[in-house]
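Colleague: I would like to learn how to read a few features of a structure, one at a time. Please give me the general idea and then the case at hand.

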Amino acid sequence: MPRLSTLAKLYAADCWVVLDDVQFAARDYQHRARLGALRDPGRQQWLSLPVHRPRGRASAITEVCLVDPAECAHRVEATIGRLYGRSPHFPVLRGVLDQVRDAFALDDRLTTIAAVSTVALLRVLGWRGQVVRASTIPARSGRSERLADLAGHLGARVYLCGTGGARYLCQDPFARSGSESPAGPLTSPTARCGDTPARSARCGR
């Protein structure tokens, strides 16, 4: 399934928080995916969905709408079918595509399509958590402050991120909220958060 489903996100073991209130980034993975061929993953192509930004570059992800939902639905189904239709696992993916097609028919917002496609794939993998939109959680506006507040809202005891986040995140907001941002590339927990339940939170784009 295309990575148009992976908006900027923060998740814990049983909760996925979509960062829908951050600025939409054109030419990023928020509305497009780079798909590998079935028998040659190194041979890749983009699957992009045309979108409308009502406030131009200042538009938040939650404000972004698809230009033509019906055409987008057709493009997703046709491209996925052409690339992966001969896979023995395609019948499972067919069920995911059916859910995504129904979402296209009901809503033209990018966040809706992203959430539906992501959850449908996670369900196939056995995940049974819930999805929460960041716009519904009180949080400060700064990058580090926002993530610290979201992690605290989830009750996260550990915060993980990759090399990109490690470069721009500040540790102070995490320390004041009871957790810490990592100091470098991480593959294991490095921050502790009081006596809260053993949870981890991770962010990515």
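Colleague: How many salt bridges does the count come to?

Modeller: Side chains of opposite charge can pair when their charged atoms come close. In this predicted model, the count comes to 9 salt bridges. One of them joins the side chains of Glu 77 and Arg 94, at 2.3 Å from N to O. That pair links distant parts of the chain, with Glu 77 in helix α1 (residues 69–84) and Arg 94 in helix α2, 17 residues apart.

Colleague: How far apart are the closest N and O atoms of Arg 94 and Asp 98?

Modeller: They are 3.4 Å apart, and the two residues form a salt bridge. Arg 94 and Asp 98 are separated by about one helical turn, because they lie 4 residues apart in helix α2.

Colleague: Why does Asp 98 count as partly exposed?

Modeller: The range for that class runs between 20% and 50% relative accessible area. Asp 98 is partly exposed because its relative accessible area is 27%. Salt bridges that share partners join Glu 77, Arg 94, Asp 98, Arg 101 and Asp 102 into one network. Within it, Arg 94 is partly exposed at 28% relative accessibility, and Glu 77 is partly exposed at 22%.

Colleague: Which residue forms a salt bridge with Arg 140?

Modeller: Asp 149 does, and the closest N and O atoms of that pair are 2.8 Å apart. Arg 140 has a relative accessible area of 37%, so it is partly exposed.

Colleague: Now a strand. Are the two faces of β2 covered or open?

Modeller: In a regular strand the side chains alternate between the two faces of the sheet. Strand β2 (residues 15–18) has both faces covered. Cys 15 and Val 17 are buried on one side, and Trp 16 and Val 18 are buried on the other.

Colleague: How many bridges join β2 to β7, and do the strands run parallel or antiparallel?

Modeller: There are 4 bridges between β2 and β7 (residues 130–133), and the two strands run parallel. Opposite Trp 16 stands Val 131 in β7.

Colleague: Next, a helix. How does the reach of α3 stand against the expected value?

Modeller: The general idea is to set the distance from the first C-alpha to the last against the span expected at 1.5 Å a residue. Helix α3 (residues 110–124) has 15 residues and reaches 22 Å, close to the expected 21 Å. After α3 comes Gly 126, with a positive phi near 95 degrees.

Colleague: Is α3 mostly covered or mostly open?

Modeller: Mostly covered, as 11 of its 15 residues are buried. Among them are Leu 110, Ile 113, Val 119 and Leu 122. The cover over the buried residues of α3 includes β2, β6 (65–66), α2 (90–106) and β7.

Colleague: Which residues touch the most other members of the largest nonpolar core?

Modeller: Val 17, Ile 80 and Phe 104 do, in a core of 42 residues. At least two residues of this core come from each of β2, β3 (32–36), α1, α2, α3 and α4 (143–154). Helix α2 gives the most, with 7 residues.

Colleague: And the whole chain? What share of its residues is buried?

Modeller: Buried residues make up 45% of the 205 in the protein chain. Its secondary structure comes to 6 helices and 9 strands. Of the contacts between residues at least 6 apart in sequence, 65% join residues at least 24 apart. The chain exposes about 10,700 Å², and carbon and sulfur atoms supply 50% of that area.

Methods
Residues are numbered from 1 along each chain as its sequence is written. This is a predicted model: local features need pLDDT of at least 70, side-chain atom pairs count only at pLDDT 80 or more; totals for chains, interfaces and linings use all residues. Side-chain values use heavy atoms; hydrogens and water are left out. Buried means under 20% relative accessible area, exposed over 50%, partly exposed in between (1.4 Å probe, protein chains only). Two strands pair if DSSP finds at least two bridges between them. The expected span of a helix is 1.5 Å times one less than its number of residues. Contact means heavy atoms within 4.5 Å. A salt bridge is a side-chain nitrogen of Lys or Arg within 4 Å of a carboxyl oxygen of Asp or Glu. A nonpolar core is a set of buried Ala, Val, Leu, Ile, Met, Phe, Trp, Tyr and Cys residues joined through side-chain atoms within 4.5 Å. Accessible areas come from the Shrake-Rupley method with a 1.4 Å probe; for residues, only the protein chains shown count as cover.
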